[in-house]
Amino acid sequence: MGDLERLADDVRRADTVVAFTGAGISAPSGVPTFRGDDGVWERFDERQFAYGRFQRDPEGFWEDRVELQRTMFDGDFEPNTAHEALAAMGRDGDLEAILTQNTDGLHGEAAAVGGETNDAEPNTARDTDPTVLELHGNSQRVRCTDCGNRRDGDPIFERAADGDLPPTCDCGGVFKPDVVLFGEQLPGAVIQRARSLARESDVFLAIGSSLVVEPAASLPRLAASTGATVGILNLESTPVDGIADIVSREDVTDSLPRLRDLVLE
Ligand code: APR
């Protein structure tokens, strides 16, 4: 029995399956990954986007963030067959939750394709099956640092691109992209929920992530420590491969649709 068949067997027998995703699942949709030859951090210095920079120099931060947003989210990008396979596994009742480091909103969109999204509070694109937990927030939204007002990011990024730096809310507060910046804590409730889902999981799938950024990268280890089968689906090796039961080096647009079909057999 091949690795993916074994993983499908474990998924079929599991009560709770949790998927954890990174930039690699959105790469086939045209959203660049962060590391590797053509990675975003080869073109930008991540310190430009740190929380300390935002606090110290909001104008310069926003000027650079407009460039980053153009680089990452240029033009239309849609969920790909890997996002759709996970959303379908949720609707099949074979996937409890998707914990994503991605801020592109594509899991929520893929889930919407198959069912109604709702306006669940930020960080969860939906609260029905599969739950999507956006651990690092969502780049398509901005949030006022004074009144907390969340808005669609497009018009605010347009204002910033036209020189309104930094863009401010009607209340006078400065807008911030609704993402967790380097040097900023993940919202406590979000990471607690992610950790409890990892602990509860019988199968934990780490998909399209280099698994180097904490606290997210510790989730597969946490799942393994409480007895879960860990499957890593990633083109390149990761520091967590050693504790995985199954490692697939296939492109996720091949492995995930195949995994879903195998589970349904
Ligand atoms: N199929 C499978 N794996 C893929 C594919 C694909 N089609 N394309 C890329 N990958 C893999 C790469 O081999 C790489 O290991 O996806 C991984 C992406 O790794 P990163 O670029 O490091 O992205 P990620 O792990 O999500 O980064 C985590 O770092 O900079 C921060 O906040 C940022 O959320 C991000 C975090």
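Is I232 buried or exposed, and what is its relative accessible area? In this predicted model, I232 is buried, with a relative accessible area of 0%.

**View 1. I232 in strand β8.**
I232 lies in strand β8, which covers residues 229-233. Its relative accessible area of 0% falls under the 20% cut-off, and I232 is therefore classed as buried. Leaving out residues up to four places away in sequence, I232 touches A206, L211, T238, V240, D241, A244, I246, V247 and S248. I207 stands 25 residues from I232 in sequence, and the C-alpha atoms of the two are 6.0 Å apart in space.

**View 2. The largest nonpolar core.**
In soluble globular proteins, nonpolar side chains tend to be buried together. The largest nonpolar core of this model consists of 25 residues, and L7, L86, L205, I207, L256 and L259 have the most contacts inside it. At least two residues of this core come from each of α1 (3-13), β1 (17-21), α5 (81-91), β7 (203-207) and α10 (252-264). Helix α10 supplies the largest share, 5 residues. A second, separate core of 24 residues includes A194, L211, A216 and I232.

**View 3. Surroundings of L7.**
L7 is among the residues with the most contacts inside the largest nonpolar core. When residues up to four places away in sequence are not counted, L7 touches V203, L205, T229, G231, L233, I246 and L259. Two of these partners, L205 and L259, are likewise listed among the residues with the most contacts inside the core.

**View 4. The annotated position H136.**
An unreviewed UniProt entry lists H136 under "active site". H136 is found in the loop between β3 (131-134) and β4 (137-144). Its relative accessibility is 15%, so H136 counts as buried. Apart from neighbours within four places in sequence, H136 is in contact with T100, Q101, T103, D178, V179, V180, L186 and V213.

**View 5. The annotated cysteines.**
The feature "binding site" is placed by UniProt, in an unreviewed entry, at C144, C147, C169 and C171. These positions are spread over 28 residues of sequence, yet they cluster in space, with a largest C-alpha distance of 8.6 Å. C144 is found in strand β4, and C147 is in the loop between β4 and β5 (150-152). With a relative accessible area of 1%, C144 is buried, whereas C147, at 44% relative accessibility, counts as partly exposed. Residues up to four places away in sequence aside, C144 touches N149, C169, C171, G173, V174 and F175. With the neighbours within four places in sequence again set aside, C147 is in contact with C169 and C171.

**View 6. P177 in strand β6.**
Strand β6 (residues 175-179) contains P177. At 0% relative accessibility, P177 counts as buried. Leaving aside neighbours within four places in sequence, the residues in contact with P177 are F61, W62, R65, R141, V142 and F157. T145 is 32 residues from P177 along the chain, and their C-alpha atoms are separated by 9.8 Å.

**View 7. The largest pocket.**
Rolling a probe the size of a water molecule over the atoms shows where empty space is left. The largest pocket has a volume of about 970 Å³. It is lined by 42 residues, of which A23, T33, F34, R35 and N102 are the closest to its centre. Helix α4 (residues 58-72) gives the most to this lining, with 3 residues. By class, the lining of the largest pocket has 20 nonpolar, 15 polar and 7 charged residues.

The structure holds 1 cavity of 30 Å³ or more. The largest cavity has a volume of about 60 Å³. Its lining is formed by A23, S26, V31, P32, F34, M72, F73, N102, T103 and D104. By class, 6 of these residues are nonpolar, 3 are polar and 1 is charged. A23, F34 and N102, which line this cavity, are also among the residues closest to the centre of the largest pocket. T103, another residue of the cavity lining, is in contact with H136.

How values were computed:
Residues are numbered from 1 along each chain as its sequence is written. This is a predicted model: local features need pLDDT of at least 70, side-chain atom pairs count only at pLDDT 80 or more; totals for chains, interfaces and linings use all residues. Side-chain values use heavy atoms; hydrogens and water are left out. On a 1 Å grid over the protein atoms alone, a cavity is a set of points where a 1.4 Å probe fits but cannot get out, and a pocket is an open set with protein on both sides within 12 Å along at least five of seven lines; lining residues have an atom within 4 Å of a point. Grid points are joined across faces, edges and corners, and a volume is the space filled by probe spheres set on the points. Ala, Val, Leu, Ile, Met, Phe, Trp, Tyr, Cys and Pro count as nonpolar, Asp, Glu, Lys and Arg as charged, and the others, Gly among them, as polar. UniProt positions are given in the numbering used here, feature names are shortened, and annotations may be inferred rather than shown by experiment. Helices (H or I, at least four residues) and strands (E, at least two) are DSSP runs, numbered from the N terminus. Buried means under 20% relative accessible area, exposed over 50%, partly exposed in between (1.4 Å probe, protein chains only). Contact means heavy atoms within 4.5 Å. A nonpolar core is a set of buried Ala, Val, Leu, Ile, Met, Phe, Trp, Tyr and Cys residues joined through side-chain atoms within 4.5 Å.
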